[in-house]
Amino acid sequence: MGKLAIGCFSSLVGSMSLDFAIKLSEAAIKKGHQVDIWLSGNATMLSKKGQRKFQDYSSLEAKTKDLISQGLNVTACEACAESRGYHKEDTLEGFNRKSMDYYLASCFNSDRVIHIGGE
Amino acid sequence: MKLGVFVNQYTKTNSTLDRIKTDNLGIILVQNGVYHAALKENGKDSDILSKAAKVYALSEDVISRGLSPDKLDKKVTVVDYNGLVDVIFNDYEKFIWL
């Protein structure tokens, strides 16, 4: 088995790429791989408290929490979050919050890295 | 190098993809990128299908767009998320997202 690092800049709800990252993580974890997800840019909003679930809208919070309980490691970029006005106390339980060098370390000790740009 | 390129947009040209030179290239079509595997423009297939590359399409994104996996171009290998995990770990080393 191996380790996959996924960096995702894509917007929560605004783009399907964050959904892709979560679904890929789910499949990888099911196969016994280890997965780190790094949330940057607008993707940091996935780790913010208070999200509401609307019909016909993508809602990743519950699925992500479930995967975290299965070993998924989700980390939000501290600077990206703070610049968006959301602080440590706004962070969902189980989600980490670290600076950019954490993502570099995560990439360097992974077998595969996929960096999904922002949109 | 074994390079996997994720394509998630359907655009006529992709200058970055055109300039990539590697001995083992895989193109992984996701989201709107799957249209490259199905649509023709003026009767002509997408340029992606004529590249020296193995081409994959994510089945969930194909089906959710009303396309049928068995009607895609024969060059395209349709994979689900499970299959994609194996492609990522077994068939390529580096990845980029265009």
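1. On a 1 Å grid over the protein atoms alone, a cavity is a set of points where a 1.4 Å probe fits but cannot get out, and lining residues have an atom within 4 Å of a point. In this predicted model, the largest cavity is lined by A:Ala5, A:Ile6, A:Asp36, A:Ile37, A:Trp38, A:Thr75, A:Tyr102, A:Tyr103 and A:Ser106. Strand 1, strand 2 and helix 4 (100-108) of chain A each give two or more residues to this lining. Helices (H or I, at least four residues) and strands (E, at least two) are DSSP runs, numbered from the N terminus.

2. The largest cavity holds about 40 Å³ of space, a volume being the space filled by probe spheres set on the grid points, which are joined across faces, edges and corners. The count of cavities of 30 Å³ or more is one. By class, the cavity lining has six nonpolar residues, two polar and one charged (Ala, Val, Leu, Ile, Met, Phe, Trp, Tyr, Cys and Pro count as nonpolar, Asp, Glu, Lys and Arg as charged, and the others, Gly among them, as polar).

3. On conventions: residues are numbered from 1 along each chain as its sequence is written, and chains are lettered from A and ligands numbered from 1 in the order in which they are written. Local features need pLDDT of at least 70, side-chain atom pairs count only at pLDDT 80 or more, and totals for chains, interfaces and linings use all residues, while side-chain values use heavy atoms, with hydrogens and water left out.

4. Chain A has an open sheet of five strands in the order 4-3-2-1-5, with parallel pairing (two strands pair if DSSP finds at least two bridges between them). Strand 4 (96-98) and strand 5 (112-116) of chain A each have a single partner strand, so one side of each lacks a neighbour in the sheet. From one strand to the next the twist averages 20° (axes are lines fitted to C-alpha atoms, and angles run from 0 to 180 degrees between N-to-C directions). Strand 2 of chain A is joined to strand 3 (residues 73-77) of chain A by four bridges, and A:Leu39 has A:Ala76 in strand 3 as its bridge partner.

5. Over all chains there are eleven salt bridges (a side-chain nitrogen of Lys or Arg within 4 Å of a carboxyl oxygen of Asp or Glu). One of them links A:Asp36 and A:Lys3, with the closest N and O atoms 3.2 Å apart. A:Asp36 lies in strand 2 (residues 34-39) and A:Lys3 in strand 1 (residues 3-8) of chain A, so the pair ties together parts 33 residues apart in sequence. A:Asp36 is also one of the residues in the cavity lining.

6. In chain B, five strands form an open sheet in the order 4-3-2-1-5, and the pairing is parallel. Its edge strands are strand 4 (76-79) and strand 5 (94-97) of chain B, each pairing on one side only. Strand 3 (residues 54-58) of chain B is joined to strand 4 of chain B by four bridges; B:Val55 has B:Val76 as its bridge partner, and B:Tyr56 stands opposite B:Thr77.

Notes: On a 1 Å grid over the protein atoms alone, a cavity is a set of points where a 1.4 Å probe fits but cannot get out, and a pocket is an open set with protein on both sides within 12 Å along at least five of seven lines; lining residues have an atom within 4 Å of a point.
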